[in-house]
Amino acid sequence: MMGGSEDPNNKGDSPFESSASQPFLSKPSYPSSASSAVEEESESNQQYLHITYNSGPRSFKDLPFLILFLLFVISTFAFGIFAVFHRNTDYPSLSSFSYDASSSSCVLNPSSTSSSLSSWLSLDSSSHLVKGLIWTLVITFVLSIPLCWALLLLLKHYTKQIVYAAIPFFIAIPIFLNVYWFVACTLRSSCSTAFPLAYRVVVMVFVFLVIGAVVWILVVNWHRVELTISIIGVASHALSRNLNLFGVLPCLIVGLLAYYVPIVVFMVFSRFNGKIAVKNLASGHACVWKEDSWVPAYFALAILTMLWSAAAMVEAQVYVISGTIANWYFSKDHETPKRSIRTSLRNAFGSSSGTICLSGLLIFVVRMVRSAVDSARQEDIPGIVNLVLRCCVNALLTAVDFLNKFTVNFAAITGEAYCSSARMTYELLRRNLLSAVFVETISSRILAGIVFVFSATYTIVACVILKAGTNLGTDSYFVAAMAWVLLIVVLGYLVHVLDNVIDTIYICYAIDRDRGEVCKQDVHEVYVHLPISRSLRQSVTPRTLGV
């Protein structure tokens, strides 16, 4: 279903093929009521026929949410600066104050003014554990960069071989680690004493059950592995053509951390705002610190600002990835797009900054509400009202996730506002019989499995080297585990980027189908095999075919 099947004049036999060239087929002789309904629906779809990649100047969208975000940021910095200059210098020496019965107040005790800062900063630099941990993490971080590069090249050129070679290790490595842990703990007297045999057996059986669930998932989705391999290969090729993203995206993270530094400093100094007060206790009087009434409110404001900023930065990265990949997708073959990342950054932090702030706010609110619902579920509060309320909240959160699925990707491609992007994305996918909940989620699981295999292999090698070349003893397991966490975070970020690339190409492919064009032939050859959305097939096919 490439050039010929995408031709507007070529109408395939299946509804899937016909939707690639035009959303609705030419109207047959329906009864009058059905004919008017089809005409109304066709007219309502005309407004979406202009969907395409917007490479020109874009107007500002969702400005109220950008203004609201800036108000949060400005308020956080303004009150933070006030907290620095309004601080009480007596707070660091609180422990030096004692109650004076003659004046009924707290006074400074000169005999206890010696600073204990040196004891706070003392560190046993000669500790073998600290040295081993620091050097291992540094070496792991340095090696993670070429490992990411190598993994991307392998996924680009040898996708099928890498996937099929890694799948057996999805099962073998967890089985090996489970058996090794059980045997090692049984042979070591200290571990077997602290962890009785019954508990060890329960843990081992539980891990085997989890492994069995993974095997079941692989077996059920085995028929989709070939398609998943092709999708991963296409995404790896697209990402390899835009490697500058790996220079820009980490810089955005560093910028976010640098932006956090003054806010954290302001939060620390805000605690210095207050006074030393006398507190009556049963045993006598004590000198305690009493914060100003506005300090808790400032803490809440600063934390909300930081969380919203983090969510907005995640959406900004998705926007930059989507804009860059879309620029590559809609460019001519064998043509290297110029300044695509710079354009995406300018749009993300310029015309579409309000859209990103709105998307980040929604993600932030959803996470907070979901955490509250999970906490209420753990408390197991009885009552039918609580159960109904939880169901309604979960349904609402699912609807928001559904709304937000491809919205930022679409906004990065077209420059539309958030609500317009959500509506147009759904309409675009609906009339082309594509799922609004991306059907090929198994690609993320396979990529996560490959990352697990790479990081677990590295961890085993690192543990062997630490056991043989150092005198850390059993601490080598802890150091190797920390190296595994660091490596899986770095490689997991690569998977996160690849997932966004896959979603972006999916939207670009849908735009191509909708316009009856083929911008990237190799992409169409892969994505054309995606299953038709069942719900849309049931709702659209009868109208389009007159069944």
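Reply: With a relative accessible area of 31%, Glu 291 is partly exposed. Here buried stands for under 20% relative accessible area, exposed for over 50%, and partly exposed for what lies in between (1.4 Å probe, protein chains only). The areas themselves come from the Shrake-Rupley method with a 1.4 Å probe, and for residues only the protein chains shown count as cover.

The model is predicted: local features need pLDDT of at least 70, side-chain atom pairs count only at pLDDT 80 or more, and totals for chains, interfaces and linings use all residues. Residues are numbered from 1 along each chain as its sequence is written, and side-chain values use heavy atoms, with hydrogens and water left out.

The partner of Glu 291 is Arg 271, in a salt bridge whose closest N and O atoms are 3.6 Å apart. A salt bridge needs a side-chain nitrogen of Lys or Arg within 4 Å of a carboxyl oxygen of Asp or Glu. This pair links distant parts of the chain, 20 residues apart: Glu 291 belongs to strand β4 (residues 284–291), while Arg 271 sits in the loop between α10 (245–270) and β3 (274–281). Helices (H or I, at least four residues) and strands (E, at least two) are DSSP runs numbered from the N terminus. Arg 271 also counts as partly exposed, at 40% relative accessibility.

The structure holds four salt bridges. One of them joins the side chains of Glu 226 and Lys 160, at 3.8 Å from N to O. Glu 226 is in helix α9 (residues 225–240) and Lys 160 in helix α6, so this bridge ties together parts that are 66 residues apart in sequence. Both ends are partly exposed: Glu 226 has a relative accessibility of 37%, and Lys 160 has 44%.

Arg 430 and Glu 427 form another bridge, with closest N and O atoms 2.9 Å apart. These two residues are three apart in helix α16 (residues 418–431), and therefore about one helical turn separates them. An α-helix has 3.6 residues a turn, so residues three or four places apart point the same way. Arg 430 is buried, with a relative accessible area of 11%; Glu 427 is buried at 11% as well.

Helix α15 is another buried element. Eight of the eight residues of this helix (residues 407–414) are buried, so α15 is largely enclosed by the rest of the structure. They are Thr 407, Val 408, Asn 409, Phe 410, Ala 411, Ala 412, Ile 413 and Thr 414. Just after α15, Gly 415 has a positive phi of about 80°. A positive phi is also found in a residue other than glycine: Asp 62, near 55°. Asp 62 lies in the loop between α2 (32–45) and α3 (63–85) and counts as buried at 16% relative accessibility.

Leu 177 belongs to α6 and is partly exposed at 36% relative accessibility. A positive patch is formed by Lys 338, Arg 339, Arg 342 and Arg 346, with Arg 346 found in helix α12 (residues 340–348). Patches are made of residues with over 30% relative accessible area and no salt bridge, like charges being joined within 9 Å and nonpolar side chains (Val, Leu, Ile, Met, Phe, Trp, Tyr) within 5 Å. Lys and Arg count as positive and Asp and Glu as negative, while His and the chain ends are not counted. The place of a charge is taken as NZ of Lys, CZ of Arg, CG of Asp or CD of Glu.
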